[in-house]
Amino acid sequence: MSQPTKLYYNTKSVYSSIIRLYFHEKGVTVDETVHLDLGKGEQNTPEYHKVNPFTKVPVFVHGPIVVPDSRDITRYAEKAFANLNDLAPTHPEKANRILNELHTLRMAILTYGVANEQEAETKKELLNQFKARRSALKQAIDNYPDIAEDLKKKLQGTDKLLETMQNFEQVQEEWGRTEELFKWIDTHLENRTYLDGTKYTYTDSHFTSILSRISHCGHRRSILQYPNLARYWKEVQGRESYKMVFDIPCNISDHPEECTCR
């Protein structure tokens, strides 16, 4: 008898989107999904703290097994559901290197951080969303004394992130690291359809979600300036999994009406 499955996620979470992409490609049907409103602090409750003491999404539950972290979930599910579509890399060492490099990117900084005066204005609403999360976290510390110590540690990390997000130089440095990684991946993609070659693997699910966030927060040109990466980006956007997960239309003012950027 198969074990019940449950996924805790948020639609705007980069790492949740990785798993939603992957499960669609893999053919995994989750029995129960629980959407957590991060802006309201629904991840900072005693109930969810029992599931994941770090109070982050996504978390995948398979019977008695609880798996946090998108990398661990894809690796676990690839073995646990081996009878479904094969998305395991054929070159695991290269795949692990790419995966680890991708997850060094500080997505919160790239999403909410402001690199100059212009972005301080255009990203004001995004930054306010992050500040709202911080306020919800502070409220949770007051509301839930039993888990307050863990939440205080999280608040310290949140405050450090918020400080970095408003430091032009540090945000610019993060974008510089991102550009270097994209340049390296562009070279890697020469004569390859996907990161593994001709085969779509779970590594592509990770990269696709990251590219979608980069594009949607106004830095699509950071992708399109690299020919192989631009070709790859067009390819993955055409997959059914992408259309199913990223249903947010482009809202970037200088993009044409027919833009399919997510």
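Are Tyr 22 and Tyr 202 buried or exposed? In this predicted model, both Tyr 22 and Tyr 202 are buried.

Four strands form an open sheet in the order β2-β1-β3-β4, and their pairing is mixed. The edge positions belong to β2 and β4 (65–68); each has a single partner strand, so one side of each is left without a neighbour in the sheet. From one strand to the next, the twist averages 15°. Strands of a sheet pair through backbone hydrogen bonds, in either a parallel or an antiparallel sense. For β1 and strand β3 (residues 59–62), the sense is antiparallel, and the pairing extends over four bridges. Within this part of the sheet, Tyr 8 stands opposite Val 59 in β3.

Helices pack against these strands. Helix α1 lies across β1 and β3 and runs at about 145° to β1. Helix α3 (residues 70–80) also packs on the sheet, where it touches β3 and β4, and its direction makes about 135° with that of β4.

In the loop between α2 and β3 lies Pro 58, and the peptide bond that joins Val 57 to Pro 58 is cis, with omega near 5°. With a relative accessible area of 31%, Asp 69 is partly exposed. A further positive phi, of about 65°, is found at Asn 191, again not a glycine. Asn 191 belongs to the loop between α9 (168–188) and α10, and its relative accessible area of 74% makes it exposed.

The loop between β2 (32–35) and α2 contains Leu 38. What is the relative accessible area of Leu 38? The value is 9%, and Leu 38 is therefore buried. Leaving aside residues up to four places away in sequence, Leu 38 touches Asn 10, Gln 43, Val 57 and Arg 133.

Now to the aromatic side chains. The count of aromatic pairs comes to 12. In one of them, the rings of Tyr 8 and Tyr 48 have centres 5.2 Å apart and planes at 55°; the pair is therefore tilted. It links distant parts of the chain, with Tyr 8 in strand β1 (residues 5–9) and Tyr 48 in helix α2 (residues 46–51), 40 residues apart. Tyr 8 is buried at a relative accessible area of 12%, and Tyr 48 is buried at 3%.

The residues of the opening question make another such pair. The ring centres of Tyr 22 and Tyr 202 are 6.4 Å apart and the planes stand at 80°, so this pair is edge-to-face. Because Tyr 22 is in helix α1 (residues 14–26) and Tyr 202 in helix α10 (residues 202–219), the pair ties together parts that are 180 residues apart in sequence. Tyr 22 and Tyr 202 also share one aromatic cluster with Phe 23, Phe 60, Tyr 76 and Phe 81.

A ring can also face a charge. The charged end of Arg 239 sits over the ring of Tyr 200, at 4.2 Å from its centre. Tyr 200 is in turn one of the residues touched by Ser 241.

What does the surroundings of Ser 241 look like, and which residues does it touch? Not counting residues up to four places away in sequence, Ser 241 touches Leu 21, His 24, Glu 25 and Tyr 200. Ser 241 has its place in helix α13 (residues 240–245). Its relative accessibility is 2%, so Ser 241 counts as buried. With Glu 25 there is also a polar contact, made between the two side chains at 2.6 Å.

Conventions: Residues numbered from 1 in each chain as written. Predicted model: local features only at pLDDT ≥ 70, side-chain atom pairs only at ≥ 80, totals over all residues. Heavy atoms only, no water. Helix = DSSP H or I, 4+ residues; strand = E, 2+ residues; numbered from the N terminus. Buried < 20%, exposed > 50% of the residue type's maximum accessible area, 1.4 Å probe, protein only. Polar contact = N/O pair within 3.5 Å; in protein donor to acceptor, adjacent residues only side chain to side chain. Contact = heavy atoms within 4.5 Å. Phe/Tyr/Trp six-rings, centres within 6.5 Å; stacked < 30°, edge-to-face > 60°. Lys NZ or Arg CZ within 6 Å of the ring centre and 35° of its normal. Pairing = 2+ DSSP bridges. Axes fitted to C-alpha atoms, helices over the stretch in contact; angles between N-to-C directions.
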